[in-house]
Every structure is written in C-alpha cells, then in structure tokens.
Number of protein chains: 2
Amino acid sequence: MARPSDHVDGARLWRRLMDLSRFGARPDGGVDRQTLTEAEIAARAHLVALGRSLGLAPFTDAAANLFLRLPGRQPDRPPVMAGSHIDSQPTGGRFDGAYGVLAALEAVEAIRTAGLVPSRPIEVVAFTNEEGCRFAPGMTGSDLFTGVRTLAEVAGIRDAAGIAQGEALSAVLACDRDVPQRPLLRPVAAFVEPHIEQGPFLERDRIPIGVVTGIQGTRRYRVRVTGEAAHAGTAERHERRDALMAAVRMIAAIDRTASDPADTKLTVGMLQVTPNAPSVVPAAVEFSIDLRHPDNAVVDRIDAEIRAIVEAERGPCAAALRQIQHNPSLAFSPAVRGAIAAAAGRLGLPHRDILSAAGHDARQLHYACPTGMIFVPCRDGVSHNPAEWAEPGDLTAGARVLADVLWHLAESDAI
Amino acid sequence: MARPSDHVDGARLWRRLMDLSRFGARPDGGVDRQTLTEAEIAARAHLVALGRSLGLAPFTDAAANLFLRLPGRQPDRPPVMAGSHIDSQPTGGRFDGAYGVLAALEAVEAIRTAGLVPSRPIEVVAFTNEEGCRFAPGMTGSDLFTGVRTLAEVAGIRDAAGIAQGEALSAVLACDRDVPQRPLLRPVAAFVEPHIEQGPFLERDRIPIGVVTGIQGTRRYRVRVTGEAAHAGTAERHERRDALMAAVRMIAAIDRTASDPADTKLTVGMLQVTPNAPSVVPAAVEFSIDLRHPDNAVVDRIDAEIRAIVEAERGPCAAALRQIQHNPSLAFSPAVRGAIAAAAGRLGLPHRDILSAAGHDARQLHYACPTGMIFVPCRDGVSHNPAEWAEPGDLTAGARVLADVLWHLAESDAI
C-alpha cells in the first residue's frame, strides 16, 4: 500500500506558505499578522476557500479557532487533529505557526490523494491568538478549546488601542457567517503540531526531524512601578519618585540574577512609560517579564529572586508584581512521540529527541489528549523576526512525517 | 500719581486662570493642553476674544505665537513684551505658563484702568510649544521669534502620531483667519516673564517675589540602541542582542554618574521599545536624556561621561547618541533685574534673587533684548503635575510687581 507521505508535494506546500505570507506582509520580507486583525481575517478567508476547494469542511467555534475537516469512515469518533496558528508577532516571520497549519493541510491532502479514507475524521486547525502580543497572554484559542480559561476570563483583555478581545472575537465571527460554529471542549483523539524549531540545534546537527519530548516551564509577569510626575529641571534628586529609574534598577538586577544558569531565558519585551515626555520625571512604568527554563526548580528559584528584587529596588516608588502565567515543564505522550519517531525511521529521515524552549498550543492540548510536536530546522534558530527562514526540503520532510503519523493515529485503536 | 499695581485685581486674575484651565482640563484637576492641539486652539480663541474685549489688538506670526497689543504714545517704538506660554505637558498643571500670560494681561489691564498710556507699546505674548512634549525640542515659538531656529528646521519634526510640526502650525494659523500676522524677528525693547518657581525655595522661605538671576545650563539628548528581535523562549542569552538590556545598563550607569554633585538634574523621561511585545527580545530602544546644572563645568563633565557610558554599555548592540539641545547657563539683564527688585521694594514685598532651574522662553529673548523673570512660589515646588498649585495672594503679588515694571520699562529711555 502507498504511504500518505508519498503524496506530499513539497513545491505545493512552499507555494502555499508564500501565498499565506502575503497577508500582513512587511516590506522587510517578514509578516505582521497579529491576531484578529484585518490581515488575519483575510488569511482566514483564504484558508476557508482553500479548504473547501480540497473537499474539506470548514467550521469555527466561540474562540474563532478555524478547523478544516476531512471526514472519517466513522464520523462520530473524536477526530485526530493537527495544526498550529496563523497569527504572528508584529515583527514576525513567514513560518512560525503558518507552517504547522499548512503542513497539516498538505498531510490531509496527501491522504486524500492516496485514495485513503481514515477511520477517524482528521481536522486541520488554526488556533486563535497563540502569540499574545496584541492580547496578552496568548494561547487564547487553545486555552478556550481545552477549558484552561473561559470566554468570560479572556473577553475583557484589551489591546493597546483599548479594544477588548471579546469585541475582536465577535467582529471576526461576524465575518464568518457562512462558516458553521461547533462547541468548545470537543473531545479530540490526538493532536500533532508541526513547527519550526526556533532554536539552533537541528540545523547545527543537520537533522531534519525533531521529536519533541516536552515544553520547558514558563512564568510571565507584569510589574507596575508607580512614582510621581515632576519637572525635569527643578525637582531635586532626593525629592524624586522616578518610576523609570526604579524600573531600570529592577531590570538590571533581574537580568543579573537570571544569568545563572546560562541557559535561563529572561526577557523584558514590553516596557511602557507614563507620561513618556522628555521633560517630565516618569510617574509610572509597566513592564513584562518572560522567564523560561527546562528545570522547574530553576524557574521557581528565579521567581523568588525576582519578587525580592522588585521589593528591594523600588526605592521611594510603589511596585506591584502580577504573575499572569505559570506553565510548569511537561512531557508529551510517549505514544505520539513513538509514532513520530517510527514514521521518520520508516522514511529514512534522521531524527532526534528535542525539548521545546517555547510555548505552543500543543501545551494546552497535552492536558486534553495524547499530544506531540514535530520540529523542523530553521536558519540560525531565528524566529519572531522578519529574517525567519526554513529550507523547503526540511519543511517537506516534516509534512511527510506528519502525513504518515496522522494516518497511523486516525487508524489506531491504541490511543 | 497712582501706580499701575494699585489697579491689579487678584480675584479677576484668579478667575481667568481657572477659566483658562478648563481648556484641556483633566479629571484629576490638572491640564493636558499640548501645543497646537484642539484644546490649545480653543484656549487661543478664548484669549483673542478676551484681549479684544479689553481693547487690545491681537496678532500672530508664522510660529503661531499669539500677541495682544496695548498701543503706545509712540507706536513705532519697539514694544515692551511680557508673557509666557499656554501649552502644557500631558500631565500638566494650571499655572505653568498660563500664569505668565494672564499676569501680563492683568498688568496691562491695570495700566489702562489707571488711565495711563505708555510711551512704548506693551504686548502680552503666548509663545508656541514651550513644553516640547508633543514636538521635541520645545521653545519653538521663542526660537523662531528670535531667530535661534528657522521654520525650515522645525517644520519636519513629527509628533508620536506622525504629524509634522509644520502641518500643525498651518492648521492653527488657518483657524486664525481674522488675526493679522506680523513678521518674526521683530525688535523688542525688553521682555519680562512671570512664572511659578517650580522649585521649593520661595515657599520654604515665605518670600512672594523671586528676582530671577539667570537660567541653569541644559543639554538634551536622544539615544538609539539597535539590537535584534528574537524569540523570548528560544534565543540563548549569549546569542541575544537585546536593545532594552543595553539601554537599562546605560541608564543605570548614567543615573549613578549624575548623582554627584547631588544637585544635578538627570531625567530619562521618554523611552520607547520596538516592537514592545512581551515574547520578543527588543530590537530597538530610543530614550531621552535631560541634563541640567547651574555650573557649566558640571554639565560638560557629565556630558563626556554620558558619551563614554553609551559606548561602554552597548554590549553587542549598536548605539547612537544625538545631542538635540545645548543651552549654557546665562545671567539676565541687570537693568530688568533691578527694575523688578525696585518695584517689589516700593510695594513692600519681600523678594530675593533666585536661579531658574528650568528653561523658559525668556532664555531665547535674553539674546534678543534686555530680559528678566519674576518667580512666585508654588506648593512643594511641584510642577509638570496635575497637583501643581500656587496661592492667589502670591500670584497677585507677582502681577502687581509686573504692572509697575512694565510701566517703568515702557516709559524708560535707559533700555
């Protein structure tokens, strides 16, 4: 019997990636397709049309997740699902997220082209707001789909322009009048997310397939420092309650404490000054902290140090630290990892186990069904950057492995 | 003969200050009336109508400075001028700038009410964009009026929304169709600017009148740090070119170096992160530095240290420092200082010499004509803050001194 992977068409997959990258294209070759924006709405419509043209049934849900469904011989069984997200960072690339969705579409098309009809339905999915840059925190779609958060919890989160996530979701769903809605919290048989590695290891070792073992732990915070506005030319140093100077002392100390161990990832990506005027001593500063390490004990130790630093360095200002996310390290399903390694082995593709340093929608699905991820190399490990790049051959390899894994999972009664 | 100061009406002055504070009023009692905005345009129209009702002739110029002219017996002589500005910081108060304009109006009204007609014309002035928060640097109106900068130099400066200062000036002048325009660079006989102290000394010593001896030196900079965007979860510490961490190291070191001598004023009021997303290592940071000290040698020494720190702390990022303003310390005209001290003495008002820690439009006028400033106390020295407050009695005292000084200068042949 022909394997689905034999029918994966790498040139077609590449063309579709480039087509999708036109939605929200940046002049520097990158993508700015933030969640629930016009650019993403247009990209959704493009995917719906593409799915229909391939005989897949589109539907959505209250989180504006987008599904394209290949029917199964036993249509009432929970589906096998594969995909990722199509939203991007403001300075994003063409592969983060988009590859997972289009590789899943390619895999499903390969199964159809092979003349195969799976037992379980197979669904391609694009989850809403994975990135969390417009509405923070991210993973809104997979959180709502798996019940980690509720609509009531996310609806009130506002973007920088003051628009609530709930309003943005309603606006997008209003554009999807001809796409039926299904409930959140549907049972899923298994989930596989293909993704570029966003790290340097696969490229360095020339290995096309990473079998992802799990995801490193993350904590995310917001720190608000409140001082007092004053005149830059007259307020004496000893009288000032300068919120930016307090924030700078905190960030410098937090960066130093997170330099050990050396593989700790500590990022202050967002910092907002009020009133942000050159002649006014800053009255308030809000900044983000993103802390990740594979070892939960390291994350917990630095968490305690961050809390102590915020208190120690606030000087005459007030400071409030709010933890907005805490995801411990997790290990993916051995069954799914095994299926990925076996498929790569049968195709003669070099593969190795690898830990995901970044969070993905697969984290949420992991708590709902057997879940795994396939990583492919990306150039210099660069991501969240317009220069993001992956080799067409590696992207094809990932889609071939996925096609065989999806077929296996859709037929298997063991999961 | 009655003195003009006998006709100053403190209650009227206070009422006009409160009336003007309604334009751009903030819910917290402060004022947000940034330059060339709708709020300031409405406040201008209010002043034009008020001036006309008092028999003063309004006119403007290409910098959108607003003048209200009391005719003199010798109308062709250069005028004596008094005033300040009506634009505010986004978190501004009701007195900074507005007091100078309305005290000048009160003084001119007192001269008229006294039945006096001065030899020289007297003009009340409100200079454009003193604050420099919307279009940086500030002092646009007095710079253009005295030829320190040209329209060509300031027209292209853009606000955060991308609007050019030249466009904003044209829009405001279009609203002033019935207000005649006069040329920039007109000769002026003398200039006096009344202002709240924005410092603690007069209030602490219970002295209502400060005879300002000069203005402390200022340097203003913009620093741009350029790194590279990267994924917060995957980019290793040693690979990162984190623009915010470099900026934080610079600001912390600059703050330390500026702590000696203790009366140095060092402010980073503006800091902008790109792309400013919690999961992205910052690609670029731009921040402002505002450095002031009465001793030019101190300013010059810290200037050299700042330049060295920016280079030393940039790490793997690129950094560019641009000085956008350099005003050395200056000493005001002895003739004007003497006239202010003499008027206060005749009125029995306690007065003392005081240095201005902040820049004012008087700096620019100083290089064009004999110039001085009258300071009045403000509560706790607080300014650039909605809580800004001055006692009505002190404001009246300042206007009384100004009325007699303007009359003296308008009659004197010695200046």
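Predicted model: local features only at pLDDT ≥ 70, side-chain atom pairs only at ≥ 80, totals over all residues.
**Entry 1**

I began with the domain assignment, to get my bearings. Chain A is split into domain 1, made of 4-216 + 330-411, and domain 2, which covers 217-327. I looked up how far apart they sit: their centres, taken over C-alpha atoms, are separated by 34 Å. Next I checked where they meet. Nine residues of domain 1 of chain A are in contact with ten residues of domain 2 of chain A. Together the two domains of chain A bury about 700 Å², and carbon and sulfur atoms give 51% of that area. On the domain 1 side, A:Pro137, A:Gln216 and A:Arg363 supply 64% of the area buried against domain 2, more than any other three residues. I also looked for charged and polar links between these domains of chain A. The rule finds zero salt bridges there, and one residue pair in polar contact.

**Entry 2: strand β7 of chain A**

My next stop was strand β7 of chain A, residues 217-226. Is this strand largely enclosed or open? Eight of its ten residues are buried, so the rest of the structure largely encloses β7(A). I then looked for its pairing partners. One of them is strand β12 of chain A (residues 284-293), which pairs with β7(A) in the antiparallel sense over ten bridges. To find this pairing in the structure, I picked out A:Arg219, whose bridge partner in β12(A) is A:Leu291. Strand β13 of chain A (residues 318-327) also pairs with β7(A) in the antiparallel sense, over nine bridges. Here my landmark is A:Tyr221, with A:Gln323 as its bridge partner in β13(A).

**Entry 3: a histidine in a loop**

I then turned to A:His384, found in the loop between β16 (371-376) and α12 (392-411) of chain A. Is A:His384 buried or exposed? Its relative accessibility is 2%, so A:His384 counts as buried, the cut-off being under 20%. Which side chains does it meet in polar contacts? I noted A:Asp96 at 3.2 Å and A:Glu131 at 3.1 Å.

**Entry 4: where chain B meets chain A**

How many residues of chain B are in contact with chain A? I found 60 residues of chain B in contact with 61 residues of chain A. The area buried between the chains is about 5,100 Å², and carbon and sulfur atoms give 54% of it. In chain B, B:His231, B:Arg237 and B:Pro278 lose the most area to chain A, together 14% of what that side buries.

Four salt bridges cross the interface of chain B and chain A. I looked up a salt bridge between the side chains of B:Glu236 and A:Lys265, 3.6 Å from N to O. The count of residue pairs in polar contact between the chains is 24. Several elements of chain B each supply at least two residues to the side that touches chain A, among them β7 (217-226), α8 (243-257) and β12 (284-293). The largest share of that side, six residues, comes from α8(B).

Technical notes
Residues numbered from 1 in each chain as written. Chains lettered and ligands numbered in written order. Heavy atoms only, no water. Buried < 20%, exposed > 50% of the residue type's maximum accessible area, 1.4 Å probe, protein only. Helix = DSSP H or I, 4+ residues; strand = E, 2+ residues; numbered from the N terminus. Pairing = 2+ DSSP bridges. Polar contact = N/O pair within 3.5 Å; in protein donor to acceptor, adjacent residues only side chain to side chain. Domains from an automatic or database assignment. Contact = heavy atoms within 4.5 Å. Buried area = accessible area lost by both parts, 1.4 Å probe.
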